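Hi there,

I'm passing a structure on to you, with some notes on what turned up in it. Have a look at it first, and then read on.

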Amino acid sequence: MKIQNPYTFEVIDEVAEDNARTIGDKFIQAKKAQIDWGRTNFAQRHKTIAKFSDLLQENIEGCALITTKETGKPLNASRNEIKATNARIQFFLDRVASKLATREVFDDGSTKESLSFDPLGVIANISAWNFPYFVGINVFIPALLTGNAVLYKPSEFATLTGLKLVDLMKQAGLPAGLFAPIIGQGEQGKQLLDEKVDGVFFTGSNRTGKSIAQQVAGRMIKSQFELGGKDPLYVCDDFDVQNAAESVLDGACYNAGQSCCGVERVYVHEKVYNEFLVKLTKLASDVKMGDPMLESTYLGPMTQPDHLQLLELHVQDAVAKGAKLLVGGARSKGHAGIFEPTVLTDVTHEMLVMKDETFGPIMPIMKVSNDEEAIRLMNDTEFGLTSSVFTENKERAKKILTAMNSGTVYWNCCDRVSPHLPWSGRGQSGEGYTLSELGIEIFLKPKAWQLRG
Ligand code: NAD
């Protein structure tokens, strides 16, 4: 498989893909390795993962270069993602031991009841490319700490990053075969699920999530799906307009809009609508686009060159149905692979750009006359990952956010993830959760003990 730089279009590497036979071998190895690892005392598992975390931090520059070259993520953003893994991994290092401990839950003198926890076994971790460190680590760190083996399928667009993570785990002293990469495309992901894995933890598109759900249906294994979104943000009339415009721009354009919780729909109160458009249009026109290797670049290329066509389709569909294009709307003329930050107004919920995940730097704006209208429109979606409101009034924010049907709600912020809170989607945004204590428990099977004597 050829690995291509999405900015220069150079082939930067070539790697061998797995096939059904090599995947079968890796599964057998993982199954064997898991038996010992599941019995290894927790202090040893903790030490290995802590070492991995240290190695990752020591290798920030090298890892960031790999990620930037294969995904086009601006170098600073790659570095920041890796730096932030430290706190995430530390969260798991601090919390897993208490989740593994046996709990005495009842004793009436004749019967004792307690609860212990076993690892699931061998899990399939099928991953996306947009935040390759975060989305991988959210799964494989708690999975390994709780005693599981992991067959880790990095995205074909972040293969070298995935292989680097596996190499660092090896250097940290993880037993051979316990954390093995499955290299390739969708086909290899499918073949991985033909093995008798004990769980599948998927991060990626809604389309692939549905296909995986069908493939594993009836197998009675743990399966969970972290999928895309169509996340709304509402700017109320009492909030500083400049601040709101800056937040919308960053929420929609960071990582070229390729964030599962990126801002995809913007609703603005009519009292501040005109002022907001002036400010946002100026900010969007000033974005520094270009070579992701330059420190000054904020917006780099789309990681998947084919995705540019979908962005064009969303703009063309909107304009054909009556939307106005204030800025952007096309591929950058000066930079290959880059789509310009785009502001669209007069959009409606009949347009693709307000219905389907866009996953690019496009900001469709709708004017609303009150909070009730905003709530109705924000909830008018099949997805439910995050929702955001910007207002000075906490009570007003609480009322609006309580009405939101999404896994995460934000007041005066957006497009952020915390290790302390469960990350979960509703509706077509998925099922299950990563992060938080809930994101540890999902890798364990409870065993209920009822004892007399
Ligand atoms: P994708 O669905 O194209 O691919 C994800 C992974 O699935 C890749 O490793 C791919 O090789 C594999 N795959 C593809 N077809 C498969 C099949 N039939 N069986 C098994 N595996 C298969 O998604 P992507 O383009 O890598 O990621 C972008 C999507 O991920 C966006 O929709 C984004 O919103 C979503 N995402 C969600 C979250 C979240 O936490 N909710 C986080 C990051 C990304």
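Strand S12 (residues 324-327) and S13 run antiparallel and are joined by 3 bridges; strands here are DSSP runs of E of at least two residues, and helices are runs of H or I of at least four, numbered from the N terminus. Two strands count as paired if DSSP finds at least two bridges between them. Opposite Val343 in S13 stands Val327.

This is a predicted model, where local features need pLDDT of at least 70 and side-chain atom pairs count only at pLDDT 80 or more, while totals for chains, interfaces and linings use all residues. Residues are numbered from 1 along each chain as its sequence is written, and side-chain values use heavy atoms, with hydrogens and water left out.

S13 also pairs with strand S14 (residues 362-368), in the parallel sense and over 3 bridges; Pro364 in S14 is the bridge partner of Leu344. Both faces of S13 (residues 342-345) are covered, with Thr342 and Leu344 buried on one side and Val343 and Thr345 buried on the other (buried means under 20% relative accessible area, with a 1.4 Å probe and protein chains only).

**The sheet of 6 strands**

There is also an open sheet with mixed pairing, in the order S7-S6-S5-S8-S9-S20. S7 (179-181) and S20 (430-431) stand at its edges with a single partner strand each, so one side of each has no neighbour in the sheet. Strand S9 (residues 222-226) and S20 run antiparallel, joined by 2 bridges, and Phe225 has Glu431 in S20 as its bridge partner.

Best wishes

Methods. Buried means under 20% relative accessible area, exposed over 50%, partly exposed in between (1.4 Å probe, protein chains only).
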